[in-house]
Amino acid sequence: MGFNNQRIALAALLLALAGGLAQAQGFSLREVAPGNFVHVGSLEERSPANGGDQANVGFIVGSRCVAVIDVGGSLPVGQSLRAALRRVTDKPVCYVILTHMHPDHVFGAEAFRAEGAEVVSHGNLPAALAQRLRTYLGALRRDLGDLADGAGIAPVTIAVDVDQERVLDLGERRLRLRAWPVAHTDNDLTVLDEATGTLWLGDLLFVDHTPVVDGSITGFLKVMDALAAIPARAFVPGHGWTATAWPAALAPQRDYLAMVVRDTRAALRARRTMEEAVDTVGASAAPNWTNFDAFHRRNVTAAYAELEWE
């Protein structure tokens, strides 16, 4: 390689490193409770502008090691999360916990492969994700272009069965993991930091972002009732943020899901078709939620299909 070419290559490398550093430094964290660090993702739909940085992700630091909770929707997001973690601690990552299968929570996994961490999920996640993986990766490529490079999943090494709990010890900090029945998905997992009472909910709680039903809407409501009984002192939703105290923060989502159930049942009693129900049920709730057009009609469709067999 000639001298000029070497200079060009070096300049390109420095620009790439500077860009990566700027991205990492711009990847904000908030410490919501001692040792619990959260990055709040964008509420906008996935695009090259946000690079798949849509979900709330973060980590919990113990005296021995760290647990990462969700890894973001692309490799660049996962890399930014790892860089942000390293600004806080040099302790090893011993666990990567996936709250459920959706792409915005799992596709940054490659960024943590070198950590050699155990990957923890609900027992249903591997099969559910394998069934949809090709579709998910195709959609990611469509939405992000080259930013989809390197996206992938990590093999699960610790599975938590439905209605079971698993305790992970980070050193002077125990995390209580619970796998839930079908709700937002059929593979929802929550994490409770016993030391601080911080409850990480994944997408069992949406704030401002339209809730998404990819499992059972009636199951979602039942699980929310059980969640409300947990005496959490702090909490992390899967999307959005609020200063509302726990469990009052569940109320907007509960009201929305209950409204969809109530109005869909009324449509079924009136013998309306699914198409008629989708056009009318819950339309007045649009001003209360972001991404309403992208998800509400799908929720009504799912509710109709579930409730018509009651």
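This is a predicted model: local features need pLDDT of at least 70, side-chain atom pairs count only at pLDDT 80 or more; totals for chains, interfaces and linings use all residues.
## Basis

Local features need pLDDT of at least 70 and side-chain atom pairs count only at pLDDT 80 or more, while totals for chains, interfaces and linings use all residues. Residues are numbered from 1 along each chain as its sequence is written, and side-chain values use heavy atoms, with hydrogens and water left out.

## Nonpolar cores

A nonpolar core is a set of buried Ala, Val, Leu, Ile, Met, Phe, Trp, Tyr and Cys residues joined through side-chain atoms within 4.5 Å. Buried means under 20% relative accessible area, exposed over 50%, and partly exposed in between (1.4 Å probe, protein chains only). The largest nonpolar core has 36 residues, of which Leu227, Trp246, Tyr256 and Leu257 touch the most other members. At least two residues of this core come from each of β11 (198–206), α5 (217–228), α6 (251–269), α7 (274–280) and α8 (292–307). Helices (H or I, at least four residues) and strands (E, at least two) are DSSP runs, numbered from the N terminus. A second, separate core holds 33 residues, including Phe37, Leu81, Val106 and Leu144.

Contact means heavy atoms within 4.5 Å. Not counting residues up to four places away in sequence, Trp246 touches Leu199, Leu201, Leu205, Leu227, Ala228, Ile230, Ala232 and Phe235. One of these partners, Ala232, is found in the loop between α5 and β12 and is buried, with a relative accessible area of 12%.

## Strand β11 and its partners

Nine of the nine residues of β11 are buried, so this strand is largely enclosed by the rest of the structure. Two strands pair if DSSP finds at least two bridges between them. Strand β10 (residues 189–193) runs antiparallel to β11, and three bridges join them; the bridge partner of Asp193 in β11 is Thr198. The hairpin of β10 and β11 has four residues between the strands, and Gly197 there takes a positive phi near 70 degrees.

β11 and β12 run parallel and are joined by five bridges. Gly202 has Pro237 as its bridge partner in β12.

## The cavity

On a 1 Å grid over the protein atoms alone, a cavity is a set of points where a 1.4 Å probe fits but cannot get out, and lining residues have an atom within 4 Å of a point. Grid points are joined across faces, edges and corners, and a volume is the space filled by probe spheres set on the points. The structure holds one cavity of 30 Å³ or more, and the largest cavity has a volume of about 40 Å³.

The lining of the largest cavity consists of Asn56, Ile69, Asp70, Thr99, Trp200, Leu201, Gly202, Val236, Pro237 and Gly238. The elements giving two or more residues to this lining are β11 and β12 (234–239). By class, the lining residues are five nonpolar, four polar and one charged. Here Ala, Val, Leu, Ile, Met, Phe, Trp, Tyr, Cys and Pro count as nonpolar, Asp, Glu, Lys and Arg as charged, and the others, Gly among them, as polar.

## Backbone features

A cis peptide bond joins Trp246 and Pro247, with omega about 0 degrees. Pro247 lies in the loop between β12 and α6.

Asp70 is not a glycine but has a positive phi of about 70 degrees. Asp70 is found in the loop between β4 (66–69) and α2 (75–88) and is buried, with a relative accessible area of 2%. Arg271, also a residue other than glycine, has a positive phi near 60 degrees. Arg271 sits in the loop between α6 and α7 and is exposed, with a relative accessible area of 75%.

Technical notes
On a 1 Å grid over the protein atoms alone, a cavity is a set of points where a 1.4 Å probe fits but cannot get out, and a pocket is an open set with protein on both sides within 12 Å along at least five of seven lines; lining residues have an atom within 4 Å of a point.
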